[in-house]
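Me: Hi! I've got a structure open here and would like to talk it through with you. Could you take a look?

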Amino acid sequence: MSLVYLNGEYKLIEEASVNVLDRGFIFGDGVYEVIPIFNRKIFRFDDHIRRLENSLEAIYMNNPLEKKEWHNIFNQLINSSEHPNQSIYLQITRGVSKRDHDVSVADKPTVFAMSRPIEKNDFFSGIKAITHEDIRWQYCDIKAITLLPSILLRYKAKQQGAREAILIRKGYVTEGAASNVFVCANGKIVTPPKTNHVLAGITRDLVVEILLENNLPLSEESISENTLLAADEIWVTSSTWEIVPVLELDDKSVGTGESSGPGPLWQEINRYYQEFKDAYCN
Ligand code: PDD
């Protein structure tokens, strides 16, 4: 029977509830993380906690728990589920207060975590994506719970039969609505540098690490919309999707369109990534 964690207690999800004055509910005043669990092992735990702390610091909050305590909570949630592969969602809001924009009226954060099974990844055969103007704010490096722009972008993608929207700001690729982007073009693999317009994806960083270790031609630089549209391969990455090849962009085949499946560089990086994961989790 799978449990959730709320403010120090483990409960069934039906029994967990928060106050309607919680600032997460009223203002979207909080941050979150999504942490993958493979074969019951927490993948890239330190990196996720570091990013959580960066997000908290950016919104003037402290980490309410020690790293050890997070580890313990995650393991309790993992063990309460029968699934070997899970994703932990954790959310910290500034807590309950009268409705006031002033942050100093809130003194006790709300801490919530749950785990869901990761379904078998059916994206490895490739997805469709659209391009869209990046309509989000200037602090995309904060993993904020305020996700309305991303929700609208994913909705627009879905309306066009696609799974992801690749975002363009002033003519350059930032990231996906809920993923980072890699483009293979002119013999290079390129991903945008980590700026305030991009979430520092844990999967992105690992992919960069693995590409460099294997002497693949990776560079972190801006990608123009034209380069994206003419790319040989496009991949999007996230903790739950891993590395997903984009085979159609705006209803056009990516690359020459001659092969119907994912490209050779995706095959290579995905193999390395799965080997890395298996070595860690088995
Ligand atoms: N989102 N960029 C954005 C805007 C994201 O929302 C995500 C992940 C990523 C990839 O980050 P990571 O590799 O650390 O998962 C990039 C999660 C999965 C979500 O919101 O559910």
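Me: Is Arg169 buried or exposed?

Reply: In this predicted model, Arg169 is buried, because its relative accessible area is 15% and the cut-off for buried is under 20%.

Me: Which strand is Arg169 in?

Reply: Arg169 belongs to strand S8, which covers residues 164-169.

Me: And what does the side chain of Arg169 reach?

Reply: The side chain gets to the backbone oxygen of Trp137, at 3.1 Å.

Me: Which residues does Arg169 touch, not counting those up to four places away in sequence?

Reply: With those set aside, Arg169 touches Asp134, Arg136, Trp137, Gln138 and Cys140, plus Thr174 and His197.

Me: Let's switch to rings. How many aromatic pairs are there in the whole structure?

Reply: A search of the whole structure turns up 12 aromatic pairs. One of them is Phe38 with Phe43: the ring centres are 5.5 Å apart and the planes meet at 70°, so this pair is edge-to-face.

Me: Why edge-to-face for Phe38 and Phe43?

Reply: Because the angle between their planes is 70°, and planes over 60 degrees apart count as edge-to-face.

Me: Are Phe38 and Phe43 buried or exposed?

Reply: Phe38 counts as buried at 6% relative accessibility, and Phe43 is buried with a relative accessible area of 2%.

Me: Which residues form an aromatic cluster with them?

Reply: Phe38 and Phe43 form one aromatic cluster together with Tyr273, Phe276 and Tyr280.

Me: What about charges over rings? Which charged end sits over Phe38?

Reply: That would be Lys277, whose charged end sits over the Phe38 ring at 4.1 Å from its centre. There is also Arg271, which lies over the face of Tyr272, 5.4 Å from the ring centre.

Me: OK, zooming out. How many helices and strands does the protein have?

Reply: You'll find 7 helices and 15 strands. The radius of gyration is 19 Å, close to the 19 Å that the globule rule gives for 282 residues, so the protein is as compact as a globular protein of that length. The C-alpha trace spans about 55 × 45 × 35 Å along the principal axes.

Me: How much of the protein is buried, and what does the surface look like in terms of carbon and sulfur?

Reply: Of the 282 residues, 49% are buried. The protein exposes about 14,300 Å², with carbon and sulfur atoms supplying 49% of that area.

Me: And the contacts across the sequence, what share is from residues 24 or more positions apart?

Reply: Those account for 71% of the contacts with a separation of 6 or more.

Me: Back to single residues. Where is Val246?

Reply: Val246 is in strand S14, residues 242-249, and counts as buried at 2% relative accessibility. Leaving aside neighbours within four places in sequence, Val246 is in contact with Ile127, Ala129, Ile234, Val236 and Val254.

Me: How far is Val246 from Val103?

Reply: They are 41 Å apart in space, C-alpha to C-alpha, and 143 residues apart in sequence.

Me: Last one: what is phi for Glu242?

Reply: Glu242 has a positive phi of about 65°, although it is not a glycine. Glu242 is also in strand S14, and is buried with a relative accessible area of 4%. Arg44 has a positive phi too, near 60°, and lies in the loop between strand S4 (41-42) and helix H2 (45-58).

Notes: Residues numbered from 1 in each chain as written. Predicted model: local features only at pLDDT ≥ 70, side-chain atom pairs only at ≥ 80, totals over all residues. Heavy atoms only, no water. Helix = DSSP H or I, 4+ residues; strand = E, 2+ residues; numbered from the N terminus. Buried < 20%, exposed > 50% of the residue type's maximum accessible area, 1.4 Å probe, protein only. Polar contact = N/O pair within 3.5 Å; in protein donor to acceptor, adjacent residues only side chain to side chain. Contact = heavy atoms within 4.5 Å. Phe/Tyr/Trp six-rings, centres within 6.5 Å; stacked < 30°, edge-to-face > 60°. Lys NZ or Arg CZ within 6 Å of the ring centre and 35° of its normal. Rg over C-alpha atoms; globule rule 2.2 N^0.38 Å. Areas by Shrake-Rupley, 256 points an atom, 1.4 Å probe, with all protein chains shown as cover.
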